[in-house]
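Colleague: I would like to learn how to read a sheet and the elements packed around it. Could you take me through one case step by step?

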Amino acid sequence: MAIQSLLIVNKSGGLIYHRNFTGTGSHEQQKQPLNSNDYLILASTLHGVFAIASQLTPKALQLSQTQIDYTIPYIPNLGTSSGAANATSSGGRGSNIGKLGSFKGDDFFKDSFTSWNKSGLRQLCTDQFTMFIYQTMSGLKFIAISSTVMPQRQDLNPDRNKNINPNNLAIQVADNFLRKVYCLYSDYVMKDPFYSMEMPIKSDLFEKKVNAMIDNIS
Amino acid sequence: MAIYSFWIFDKHCNCIFDREWTLTTNSTSGTTNSKQNQETAKLLYGMIYSLRSITQKLSRGLNKNEMRSISTGKYRVHTYCTASGLWFVLLSDFKQQSYSQVLEYIYSSIYVTYVANNLFSPYDFAENEDEMRGQGFRKITNRRFIDSLENFLSPLVGQ
Amino acid sequence: MTQKTLITPAENSTTITQMDTSRSSRLYTESLMFKKDNVSLSAMTFLYQEMISYLHQSSTTMAEFEKKLSNYGESIGLRLLELLNFRASLSPKSFIDSSSSATTTTATTTTTSNITTTSATTGTGTAKIISENRTRSKSTTSKLANDTRTSSNSALRDHNTHHHHHHHTLEREKNLDVSLCKYITKMRRRDLKILDILQFIHGTLWSYLFNHVSDDLVKSSERANEYMIIDNSPVLTQFIPNNNNASLSCNYFVCGIIKGFLLSAGFPCSVNPHTMSTDEFDERLVYLIQFDQEVLEREALRA
């Protein structure tokens, strides 16, 4: 899963972080690269659509009261270097400590978690990219644009692949990844005394950690 | 695996057909071309329109980038846009990954047969300027079209 | 805050041991014995962040901000010298071959620490148990004391809850003092040489604050009064980005601790932070200690 872009939208729809990762190279460049204003519009549009999406819940679902399981399984070592590399690089403490900020162990979390994004927009599939949205409890949105394209042709024998639906697996991977970015955010943005809430993120440490995670993923 | 509703929008942002099933256990339940769904249709079109503009802004290369599906935690919206600006929209269970083929079939075998090839059906559902830009109210009421669509979609309802 | 060792917590959600209001006098009655307590790194850094932004907003110049932050640390450093010297005098060995029955003492100390962390009512029970144990161990063998103590433990606790709180306070203070001081055979001597006190900072102070010794202790080859303590990854400021010109100044808190520590030991000096990133450690920090001239003169006289 190659991540093309990462956006963070605050709870009032303002874009507070945006990076393009064009390390893949093989992709054709955009005809007209978007300027920062376009991205601001894009972020607030997504924010609005997100709210609309929750208004559109079909009547059948409202009536049937079916319980949907929002648990996202934990996918190990996504974006964090594997345990082996960890052991060799550690000459003692130091390089190991603070590796994951205030998170103990070799990964940010080890348990499955419940998605807070229950009725809002979660995924947008297009011919060229897939967009994933992870929403936190406080309404902050982490948006990843991946170059992976979801298959549009149905499997001839859908029963065979019922449990490994590529679409839902992709959502789980993306949720795991974005949750880790959220963990980084909680460390390197929220614990920065010079950061003012809801404002654009300028921390170079956050930048560095996000880049490292993207490098590990692709 | 279930489908919840089916919509057609024309190029004037009007909803020209809607069908909503209210019980997944009963494929004859629900409403067709309901007045109550007018607001929902507008919201749905607004969402699709906004996301389509994002999709096209972010497109790369020469090929046009088309939106395929939109997913929330509860349901998934499958979209299919024709060259003439018609939108075929299907709301389904969020687990279902793709209904592209279904939508393509509805367009090519049902819509084209019973609406486009039908000389008695209007070519454009907005008859004058006032009915464009989302102000239209005319719907596809063709019996053959509705029956054919019903036959095709009802097995999917409670699947 | 710095009374506890900083250790990485399991997750952001790690809770701090809650303070019980019914034990408000715990601060004075608790043993000075070192207990391994962990504080959530998240909680710690959030507090530190608030401290920084408060000071940053209330200061007009950067120098003022650094001074204020350093003063915060200094007041901690001053106290730490006293405390750590005291603790260093308490060698673990003294518990084993101290004069009175060894088993009782170790048993007592474990009960104390256990109880203070378990329930609120034990605050009254603790001292009583200790005194009880001591009287028993005088008359009976230590083994017997051990057995009876455990059985009397719960009974005593129940009993004590009916008593008035103040009744035991004086007795408890006296007992605790005795219980610790008794095992100090010889007070640790104050460090008089520059190198000795710096070693003490490098080892004991750093272990106390950050749970590891500092990464290096270097003497400047250019100036006689300059020494450097090196920390490869500073704990408190690890989340503060470097692209801000104020970020380096956030380290003045630890500088203040070192300064206060040295000042109260009789080594007036100034301490400044400097970044010195290496390939492996981007955040590598050097605390540059510049002793006043009088310190060097005194050192020369002693030699």
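Modeller: Bear in mind that this is a predicted model.

Colleague: What is the order of the strands in the open sheet of eleven strands?

Modeller: The general idea is that strands of a sheet pair through backbone hydrogen bonds, either parallel or antiparallel. Here the pairing is antiparallel, and the order reads E2(A)-E1(A)-E7(A)-E6(A)-E5(A)-E4(B)-E5(B)-E6(B)-E1(B)-E2(B)-E3(B). The edge strands, each of which pairs on one side only, are E2 (15-20) of chain A and E3 (31-32) of chain B.

Colleague: How many bridges join strand E5 of chain A to strand E4 of chain B?

Modeller: Strand E5 (residues 121-126) of chain A and strand E4 (residues 67-72) of chain B pair in the antiparallel sense over five bridges; within this pairing, Cys125(A) has Ser69(B) in E4(B) as its bridge partner.

Colleague: Is His78(B) buried or exposed?

Modeller: Burial is read from relative accessibility, with under 20% as the cut-off. His78(B), which is found in strand E5 of chain B, counts as buried because its relative accessibility is 2%. The side chain of His78(B) also makes a polar contact, at 2.9 Å, with the side chain of Ser92(B).

Colleague: What does the secondary structure of chain C come to?

Modeller: Chain C has eleven helices and six strands, and 46% of its 303 residues count as buried.

How values were computed: Residues numbered from 1 in each chain as written. Chains lettered and ligands numbered in written order. Predicted model: local features only at pLDDT ≥ 70, side-chain atom pairs only at ≥ 80, totals over all residues. Heavy atoms only, no water. Helix = DSSP H or I, 4+ residues; strand = E, 2+ residues; numbered from the N terminus. Buried < 20%, exposed > 50% of the residue type's maximum accessible area, 1.4 Å probe, protein only. Pairing = 2+ DSSP bridges. Polar contact = N/O pair within 3.5 Å; in protein donor to acceptor, adjacent residues only side chain to side chain.
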